[in-house]
Amino acid sequence: MSLVPAGAGFVRRTAHLAAALVLAGLAALPARALEYRETPGLADRVGVDLPPVAMRLPEEPLVVDLPAKGRETGHPGGEINTLIGRSKDVRLINVWGYARLVGYDKDLNLKPDLLKAFESENDRVFTLRLRKGHKWSDGAPFTSEDIRFWYEDVASNPSLQPSGLPQFMLAGGKPPRFEVVDETTVRFSWDEPNPLFKPELAKSRPPFIYRPAHYLKQYHERYGDMDKIMRLAEAKKLRNWAALFNKMDDMYDARNPDLPTLQPWVRLVDDSERRFVLKRNPFYHRVDSTGQQLPYVDRVIMTVADGKIIPAKTQAGEVDLQARNIGFSDITILKQGEKAGRFKTYLWPISKGSQISLLPNLTVKDPVWRSLMRDVRFRHALSLGIDREMINKVLYLGFGTPANDTVLPMSPLFRPEYRDLNAGYDPDRANELLDAMGLTERRGDGVRLLSDGRPLEIIVEASGESQEELDALELVAETWREIGVKLFPKPSQRDIIRERALAGTLVMAVWSGFENGIPTSEMPPEDFAPVRSDFLSWSAWGNWYETGGQTGEKPDWEPAERLTELYDAWLVSGSDEERTEIWHEMLQIHAEETIHIGLVSEVRQPVVVQDLGNVPEVGIYGWDPGAQFGIHRMDEFYVK
């Protein structure tokens, strides 16, 4: 619900804009090197509620030369049907669309996107230059005011952001100096380097350091009519203006159809929780080299289905593009559908450091287990006691790579020793290491005994969301028996596991590996240092770091202390060379210490494609970086 007059939505706002432009005599188009072509699906609206395409685009749109990228020049029209497992997944449209101030290309280079230019002076001073004439999806100008409004009226407002500015906006613990240079230029300046700032803007869930000020000001205490604001808050059963503002300020979740966006597709109606229709943004800033405005596809339709039946529905040909809720275990039925000529199944390497990783809890409270978990010989023995080749063949038909949980060959930081060190199958060496630790006593079934007489039985807790993880644990248990270690898998829930890790009662968990297995030195190495409490290997240390020592435990293990020092050094680094050196030392520590026990990496994600062009046959599939389809530019996909 909006505070503007009833019925004044996207169509009415753009109709007023189009009329105003015509009355102002702005219909004459300036000379341009590229002749723009009107999108057929919007042609009937031109002059009614939309201006012509040349007036909808920025003065300098982002021009994409598709043939130069090895892609086809597509044609506008049609729709993409896909299935989602829950209604909240409609927010993926803002992930897959991947319109960012700066974004990663397929080679993991950061390039301006929504921005015309991004300038950095020693990672201390950042100048952001917008595209003149760029517009929101409702036709209103996108200007420096939208960034100023976010910084001064949203991010710096204690009623809206009680915890203060986010970490990426601080350098040396201090906020930036902010200035509006002109209508399309802003500048953030810090006294110390802030290498977090730029990569944060390119995330799959970015911070959106801009807001449609023209729309949101009506809900803000500084600009809006407080009587109207409070009446609307009461009608929505919200306690104050800030709660109302935060509800309407919905840049990521796609739950407010009135909120203007800069993404390629926009949700315009809120009439269903089972089927979401996202329509093209007529003011999107990208065009192909023939003058056609992107996105090519008119609509993306996201239909909610039970996750358990999504593979079957995909096999039946009910989707045009599908990767969510299907996995490698579904390859057999997908290939059956492929043989029927319904679609093609591409296999993209997943960009996680490991598909499955065992996470010893280095901050477990039990003193005997703590001593074991922190002994590098124990972690090496557990790693050497796993037959990764068998797991790869049984679970992934040999398509994966037996490996540690680390960076992948696609990363410029990759070195073979990071992947291979202590990752081979060597039960004899594993037994030698355990014997050398004094774990020589065994009970009748061959299970070793701990120093206090308890059997060496490791309870490995799982989220209960993945049969694949439980299957992998069964295979690990088979070979661990050969080294006198008994494994008990325990299905649980992710929130419970995290609570137990923080409390120190978790001994070991099974989880997916590092989310970003393809980092560059520009990306923060937070996954590889004990700086977050949601990492199960060291929750107490991460909690101590997050709270500034108020809660949790101060790291008292030398590798953890060094990793924290290196992460802090990265945060104030001022050059790519310095950051690269930091990354390599952190990766070397992980390889030598086997902090995570990875199983298999580069497992393939099935991507089902039906009658769509420009979907790469070979691509990476990941969250950050990648945004799943986003890094492959879904706005360039077209219906054949």
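# Close-up views of a predicted model

**View 1. Helix H8 and its buried residues.** Trp241, Ala242, Ala243, Leu244, Phe245 and Met248 of H8 are buried (buried: under 20% relative accessible area; exposed: over 50%; partly exposed: in between; 1.4 Å probe, protein chains only). The model is predicted, so local features need pLDDT of at least 70 and side-chain atom pairs count only at pLDDT 80 or more, while totals for chains, interfaces and linings use all residues. Residues are numbered from 1 along each chain as its sequence is written, and side-chain values use heavy atoms, with hydrogens and water left out. Helix H8 spans residues 241-248, and six of its eight residues are buried, so the helix is largely enclosed by the rest of the structure. Helices (H or I, at least four residues) and strands (E, at least two) are DSSP runs, numbered from the N terminus. Packing against the buried residues of H8 are helix H4 (144-155), helix H6 (213-216) and helix H7 (226-235), where contact means heavy atoms within 4.5 Å.

View 2. Strand E8 covers residues 185-189 and is mostly covered, with four of its five residues buried. Strand E6 (residues 125-130) pairs with E8 in the antiparallel sense over five bridges; two strands pair if DSSP finds at least two bridges between them. Arg129 is opposite Thr185 of E8. Strand E7 (residues 177-182) is also antiparallel to E8, over five bridges, and here Asp182 has Thr185 as its bridge partner. Two residues lie between E7 and E8, which form a hairpin.

View 3. Six bridges join E14 to strand E22 (residues 604-609) in the antiparallel sense. Trp348 has Gln605 of E22 as its bridge partner.

View 4. Strand E15 (residues 357-360) and strand E19 (residues 508-511) are antiparallel, with four bridges. Within E19, Val510 stands opposite Leu358. Ile496 is found in H17 and counts as partly exposed at 36% relative accessibility.

**View 5. The largest cavity.** The whole structure holds four cavities of 30 Å³ or more, and the largest has a volume of about 130 Å³. Among the 13 lining residues of the largest cavity, Asn94, Ala254, Leu259, Thr261 and Arg267 are the closest to its centre. On a 1 Å grid over the protein atoms alone, a cavity is a set of points where a 1.4 Å probe fits but cannot get out, and lining residues have an atom within 4 Å of a point. Grid points are joined across faces, edges and corners, and a volume is the space filled by probe spheres set on the points. Helix H3 (93-96) and strand E9 (265-267) each supply at least two residues of this lining, with E9 giving the most, three residues. The lining of the largest cavity has seven nonpolar, four polar and two charged residues. Ala, Val, Leu, Ile, Met, Phe, Trp, Tyr, Cys and Pro count as nonpolar, Asp, Glu, Lys and Arg as charged, and the others, Gly among them, as polar.

**View 6. The second largest cavity.** About 60 Å³ of space lies in this cavity. Its lining residues are Asn404, Asp405, Thr406, Tyr418, Leu587, His590, Ala591, Thr594, Ile595 and His596. Helix H20 (residues 576-593) gives the largest share of the lining, three residues. By class, four residues of the lining of the second largest cavity are nonpolar, five are polar and one is charged.

Notes. 1 Å grid on protein atoms, 1.4 Å probe; cavity = no way out; pocket = protein on both sides within 12 Å on 5 of 7 lines; lining within 4 Å.
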